[in-house]
Amino acid sequence: MPLNWLTLALPALLLMLSGCSPHPVPEIDSNNAYGLVTRLVSFGKRYAGTEENRKQAEFIVAKASEYGASVSVDRFTCPTSAGLIEFANITAEIKGKSSDFVIIGSHYDIKKIASAPDFEGANDGASSSALLLEMIRAINASGYIPPVTLKFVFFDGEECQIAYSENDGFWGSRNYAEKLKNAGLSSKCKAVVLLDMIGDADLGVTLPANSDRKLVEKVLESAGKIGCSQYFSSTNFEILDDHQPFLLHGIPSIDIIDFDYGPGNAYWHTDADKIDKISKKSLKIVGDCVLRLVLTSIY
Ligand SMILES: [Zn+2]
């Protein structure tokens with residue numbers, strides 16, 4: 001039946017001729033992402049250097065491996081105002097068509113806060129880390145080959161002991177950026193896309209001024225392509241976060257953060273940062289936007 005044969009073969013032939021990938025851009029499974037946030041929160045007080053933090057790290061390693069990434073752990077010790085702390089950065093890699101790479105980052109430690117003993121860090125720590133895991137699953141399950149290698153990096157020690165500065169907090173990202181530079185790999189790192197506090201039901205991503213301008217445009221463009229422009233805006237204020245050490249090394253970096261968490265940011269670093277504030281829809285919006293960015297438009 002030549003007609004049927006042609007009907008079946010034509011789309012494949014056209015795809016081959018156009019050079020397009022037969023795989024559509026993968027999408028986030030919001031139920032799985034939300035389940036992962038819940039799981040990370042269940043490890044308890046995941047302050048850097050604690051048993052709870054270490055057990056959470058083991059879970060992240062196991063889950064990223066189960067989802068098909070090549071995982072490595074880099075442990076290092078730093079002197080802090082609370083004494084020597086051992087930190088662990090986790091890198092989960094998906095090989096792309098090129099060995100140039102993009103880092104998609106999140107911190108997985110949570111802040112120890114005397115005034116908030118029940119702080120869970122559902123949004124500040126767990127939401128973005130869970131979303132990274134779900135992105136790994138979505139990409140590998142789809143068979144989509146990224147144009148460049150993707151390094152999903154789970155940073156430890158983002159939170160400071162006393163006050164955020166060049167010597168307190170950002171322990172994981174500072175260490176990672178320094179090692180990248182010392183290994184002569186900074187130029188192969190095409191971008192750093194950091195996620196932080198992205199699960200709030202009242203989503204309003206506030207891209208800070210200390211972000212690479214082109215990346216800001218690309219994120220807004222990707223948000224438009226998935227029909228979610230209303231949730232993303234660039235701001236004129238700066239936010240110190242794990243993208244900063246990479247900016248200082250000359251690597252284009254952006255912080256995808258919703259720093260408007262509760263009325264007047266009232267849920268930030270308080271006992272209110274609990275799983276009941278997390279929305280499946282918000283996880284999906286940010287995850288789908290970032291997948292589109294890193295898989296199709298960042299280059
Ligand atoms: Zn925080």
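**Exercise 1. Which residues in H6 meet which residues in H8?**

The model is predicted. Work through the helix pair in steps.

Step 1. H6 covers residues 213–225, and H8 covers residues 280–297.

Step 2. List the H6 side. It contributes Lys218, Val219, Glu221, Ser222, Ala223 and Lys225.

Step 3. List the H8 side. Its partners are Cys289, Arg292, Leu293 and Ser297.

Step 4. Four residues are nonpolar, two are polar and four are charged.

**Exercise 2. Decide whether Ser222 is buried or exposed, and find its contacts.**

Step 1. Locate the residue. Ser222 sits in helix H6.

Step 2. Apply the cut-off. Buried means under 20% relative accessible area. Ser222 has 2% relative accessibility, so Ser222 counts as buried.

Step 3. Collect its partners. Leaving aside residues up to four places away in sequence, Ser222 touches Cys289, Arg292, Leu293 and Ser297.

**Exercise 3. Identify the protein donors of the zinc ion and relate them to the fold.**

Step 1. Name the donors. They are Asp124 through OD, Glu159 through OE and His269 through NE2. Their distances to the zinc ion run from 1.9 to 2.2 Å.

Step 2. Write the spacing. The pattern is D-x34-E-x109-H.

Step 3. Asp124 is in helix H4 (residues 122–142), while Glu159 is in the loop between strand S4 (148–155) and helix H5 (171–182). The pair therefore ties together parts that are 35 residues apart in sequence.

Step 4. Check burial. Asp124 and Glu159 are both buried. His269 is buried too, with a relative accessible area of 13%.

**Exercise 4. Which backbone angle is positive in Asn265 and in His269?**

Step 1. Find the residues. Asn265 lies in the loop between strand S8 (253–257) and H8. His269 is in the loop between S8 and H8 as well.

Step 2. Read the angle. Phi is positive, at about 65 degrees, in Asn265. Phi of His269 is near 55 degrees. Neither residue is a glycine.

Step 3. Check Asn265 for burial. Its relative accessibility is 14%, so Asn265 counts as buried.

Methods:
Residues numbered from 1 in each chain as written. Predicted model: local features only at pLDDT ≥ 70, side-chain atom pairs only at ≥ 80, totals over all residues. Heavy atoms only, no water. Donors = N, O, S within 2.8 Å, 3.2 Å for Na, K, Ca; no water. Helix = DSSP H or I, 4+ residues; strand = E, 2+ residues; numbered from the N terminus. Buried < 20%, exposed > 50% of the residue type's maximum accessible area, 1.4 Å probe, protein only. Axes fitted to C-alpha atoms, helices over the stretch in contact; angles between N-to-C directions. Contact = heavy atoms within 4.5 Å. Nonpolar A, V, L, I, M, F, W, Y, C, P; charged D, E, K, R; others polar.
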